[in-house]
Amino acid sequence: MTAPTKPPQASPTEALPGSPRGEIRGEHLHSPVISWFDEHARDLPWRRPEAGAWGVMVSEFMLQQTPVNRVLPVYEQWLARWPRPADLAKEAPGEAVRAWGRLGYPRRALRLHGAAVAITERHGGDVPTDHAQLLALPGIGEYTAAAVASFAYGQRHAVLDTNVRRVFARAVTGVQYPPNATTAAERRLARALLPDDERIAARWAAASMELGALVCTAKNEGCHRCPIAAQCAWRLAGKPEHEGPPRRGQTYAGTDRQVRGKLLAVLREAHAPVPQALLDRVWHEPVQRARALDGLVSDGLVEPLPGGLYRLPLS
C-alpha cells in the first residue's frame with residue numbers, strides 16, 4: 001500500500017508562500033504563539049482531557065458561527081444527556097433540534113445527529129482517529145475533520161477557521177482580512193506553517209486559533225498584547241485598510257432566519273404536534289412565514305403531518 005503523501009513543510013530557511021519579501025518564516029511564529037497560548041488559553045470544557053473526541057466534535061459543530069459564551073451552556077447540557085455518540089444516535093433527530101435551543105443554524109443539529117448515527121454504525125460508537133474516516137462522516141467537512149483529528153488526537157493537520165485565517169492574513173500576508181472564502185493559497189500557507197513535530201503542530205493549531213479569537217480580532221485588535229506583533233507584516237506595513245469589497249455584518253432582524261427561529265421555538269417547546277394556526281401567530285407577514293416554514297420542511301427540520309399539523313422530525 002502506498003504511504004500517504006505528507007503535506008509540504010517549510011524548512012528553517014524557506015520563506016513562507018505569500019509572505020512579503022520573505023521576511024517571515026514559520027519557526028519564528030511557533031514558539032511565541034504557543035508560549036502565549038500556554039499562559040493565556042481559556043479553560044474551555046472541550047479542551048479538557050475528559051472531553052474526549054466526542055466532546056471535541058460536539059464543540060466544533062456548535063462553535064460554527066456561534067460565540068463561545070452562547071455555546072457553553074448548551075454544550076454542557078448536551079454532553080450530560082448524550083455523553084457518547086451512541087446515546088444521541090438512539091434519539092429521534094428532532095430531539096437533537098430541540099436540545100440545540102437557540103444556538104442558530106439548526107441544520108447543524110441534524111448533521112451532528114447524522115454523524116453520531118454513522119459513528120455508531122460504522123465505528124462501534126467511537127469517533128474515528130483517521131482523518132479520511134472523519135471526513136467520510138455525514139455533515140463533516142474538511143475543517144471539522146482536521147479540527148477533530150488535531151484537537152482530539154494530536155495529529156498534524158492545517159486547521160483553518162476564520163480566526164486562524166485572519167491571523168495568517170495579517171501576520172504573514174500583510175493584509176487586514178482574508179478573502180471571504182478560503183482559497184488554495186491560504187491552504188498552501190497553512191500547510192507550510194505547520195511545525196514538523198506532530199505534537200507541536202497540534203498545539204500550534206489551537207494556539208493560532210486562540211490568538212485570533214482573543215487578540216487578533218476582526219475589530220479593535222490588541223496588537224499591544226500580541227506575541228508576534230514585532231514581526232506582523234500587516235502591522236509593519238502600517239496597517240493598510242482592507243482593499244476588497246465592504247465587509248458587512250450579518251443582519252438578523254426581519255430576515256427569514258428570524259422567522260425560522262420563531263417557528264422552531266414553538267415546535268421545540270411543544271411535545272405534541274402543533275397546528276398551523278399556532279405557527280401562524282409567530283410572524284405577521286404570511287408570505288414570508290410560509291416561505292420560512294417550507295424551508296424548514298425542505299431542510300428536514302420540521303415534519304408536516306396530515307390535518308395541518310407539524311412537529312420536529314422523528315426519523
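This is a predicted model: local features need pLDDT of at least 70, side-chain atom pairs count only at pLDDT 80 or more; totals for chains, interfaces and linings use all residues.
The largest nonpolar core holds 51 residues. Within this core, Trp-54, Met-57, Met-62, Trp-78 and Leu-112 touch the most other members. Two or more residues each come from α2 (52-63), α3 (68-81), α5 (93-100), α6 (107-123), α8 (142-153), α13 (256-269) and α15 (286-298). Helix α2 gives the largest share, seven residues. Beyond four places in sequence, Met-62 touches Val-71, Val-74, Tyr-75, Trp-78, Trp-100, Leu-103 and Arg-108.

Pro-227 sits in the loop between α11 (198-214) and α12 (233-236). This proline is partly exposed, at 29% relative accessibility. Its contacts beyond four places in sequence are Pro-32, Val-33, Trp-36 and Leu-211. Trp-36 is 191 residues away along the chain, yet the two C-alpha atoms are 6.5 Å apart.

The structure contains 15 salt bridges. Arg-47 pairs with Glu-210, with 2.8 Å between the closest N and O atoms. This pair spans 163 residues, from the loop between α1 (26-40) and α2 to helix α11. Arg-47 is partly exposed at 31% relative accessibility, whereas Glu-210 is buried at 1%. Arg-291 of helix α15 and Asp-256 of helix α13 are 35 residues apart. Their side chains form a salt bridge at 2.7 Å, N to O. Both partners are partly exposed, Arg-291 at 44% and Asp-256 at 25%. Asp-43 and Arg-48 also form a salt bridge, at 3.1 Å. Here Asp-43 is exposed, at 59%, and Arg-48 is partly exposed, at 32%. Salt bridges also link Arg-81, Glu-91, Glu-95 and Arg-98 in a network.

Conventions: Residues are numbered from 1 along each chain as its sequence is written. Side-chain values use heavy atoms; hydrogens and water are left out. A nonpolar core is a set of buried Ala, Val, Leu, Ile, Met, Phe, Trp, Tyr and Cys residues joined through side-chain atoms within 4.5 Å. Buried means under 20% relative accessible area, exposed over 50%, partly exposed in between (1.4 Å probe, protein chains only). Helices (H or I, at least four residues) and strands (E, at least two) are DSSP runs, numbered from the N terminus. Contact means heavy atoms within 4.5 Å. A salt bridge is a side-chain nitrogen of Lys or Arg within 4 Å of a carboxyl oxygen of Asp or Glu.
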